[in-house]
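I opened the notebook to look up charged side-chain pairs. The entries follow.

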Amino acid sequence: MYIRKTNFIQTARRLISALTAAAIFSIGCLSISYADEIATASDTTATPTLWVAGDSTAAEFSDNYYYPRYGWGTQLYRYFQGLDIRNLAVSGTSTKSYTSTDSYTTLLSDMKEGDYLLIGFGHNDEKAESARYTNPNGSVTTPGSTRYYLYENFIRPAQEAGVTPIVCTPIVRRDPDGNYNGASAHIIESQTTIEGTFEGGDYAKAISSGAVGKNALVIDLTTRTKLLYQSLGTQGSKWHHAFSSPNEVSIDNTHTNLYGAAYNAYLIADEIAKSSSSLKDYLIDTPEPPDFSILIPNPDYTFQTYVRPESDSTKWTAAGDWKPTVFGDVEALEYLNDIYFHFIPYENGAIRIAAGRQGGTTSDIVGASVGKISTDTDGIAMYYQAVPADQNFTLTAYATINSIDPNNQASFGLMARDDIYVDYVTNDTLGDYVAAASLMMGSDTPWNCFARKSGVLTRGDYTERNYIDGETVRLEIRKTSDGYTCTYGSNPPVSAGFDFPLTRLDPEYIYVGMFAARSADVTFWDVQLTLD
């Protein structure tokens, strides 16, 4: 049993200060020094806050999943009492990138003496992209290292503010084969991308040693979740994770569901109970694992029927293994012809896609403005292949822009999506996808990559570099166990917010390829699809 302690000395001081203040006020001569002392005494009575700064494994989500995603920060209330809990975790962030969020600004401005800060990063520090990557091998004093960012961005500011930092190593990624080593245990090999080579290493070890070296308590969630999953086995551990659909193939092996998040919150509470941290004074009497009965299907989940195409297009020419199709919001069936959409494979392996463009002064392919990427619907021309949903891959290509009308619904690039349709017209919102492409080209702030999740169109980031007629853009989509990273030209890679599985409609396959929409005429070349 854990009973919250009462500090007798502080209580006595507050009583004396209050009586003194009353006496001084009664004679009308309150001094500045006494007023300061009273204010200080008053601050000690404030309810402490338990802050959470972390990534998606701790964050809150809004999902239309069968078993939605929950981070452990959302479930701490089950085990702690007598303090405020403020979960500022942000999906997709690392110890480096979190500092650019509004949550970090709030944390620095609002945390106060006597508060506690739970820090939970690691998943995204491993990402091979300059915006989020941190090196696991440097010391606390080495700029760019995981230890450096952990200390400078979180531990040091907390300690200087009189806040107690507690560092959690990352939970393991569920491994269906039960082999909790390598990436599932956050031990990463070096990776080379368009941005260069990113050194690998042991991130859980880096986080743990960096915290211990700065007198911060460490909760080894990596080991606790690894041992838990090994004891549960493949079938038992799956019930800790999100399902994007009722089909088990759609399991998200990175993100937990409500039960999994509650269980991880229990592990944190259990470790706190064993420690000497004063945070254990705020534990409930007997922390115990959550009851499995809390895991119920999402009552708002929408069952959607999806039938995978049984045949290929007869309207356009395939390009090797790449299959052509036009589908979605393209006005009417009469537009499904080579007046408005063109697929041209060349002998050198290049592929040209033109989706209804207006005018024709700079291109020999002319059509009406049909097809689009809009808030609610998509109408695109696409060359695609099907890839098993459990298979990681990298798709790269160069795209030379023959012509494009830079309006807000035109787009081209690479796409990975959870459904495909063959020469099909509808104004319904279709499936989820991520796109290494630009959008909103007619605005002052074009988008750098975008996605659609549960029907909602979302921006990856804003472009730093825009591309126009005659220019060539390098494109890339990388799928990992955590989601997708999209790269559009020389703009920074985007993966924050793209950390969801494309298995909501078709849990067995992901459809990847090149696309064009509304007045885009593009030639794709040096197209490479590599399965890991």
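I began with Asp115, which is buried at a relative accessible area of 0%. For these notes, buried means under 20% relative accessible area, exposed over 50%, and partly exposed in between (1.4 Å probe, protein chains only). I then looked for the partner of Asp115 and found a salt bridge with Lys112, the closest N and O atoms being 3.0 Å apart. I take a salt bridge to be a side-chain nitrogen of Lys or Arg within 4 Å of a carboxyl oxygen of Asp or Glu. Lys112 is partly exposed, at 30%.

A note on the source: this is a predicted model, in which local features need pLDDT of at least 70 and side-chain atom pairs count only at pLDDT 80 or more, while totals for chains, interfaces and linings use all residues. Residues are numbered from 1 along each chain as its sequence is written, and side-chain values use heavy atoms, with hydrogens and water left out.

Next I checked Arg504 and Asp432, whose side chains form a salt bridge at 3.1 Å, N to O. Arg504 lies in the loop between strand 24 (483–488) and strand 25 (509–517), and Asp432 in the loop between strand 19 (424–425) and strand 20 (433–439), so the pair ties together parts 72 residues apart in sequence. Strands (E, at least two residues) and helices (H or I, at least four) are DSSP runs, numbered from the N terminus. Both Arg504 and Asp432 are buried.

I also noted a network of salt bridges that links Asp63, Arg69, Lys453 and Asp499. My search of the whole structure gave 28 salt bridges.
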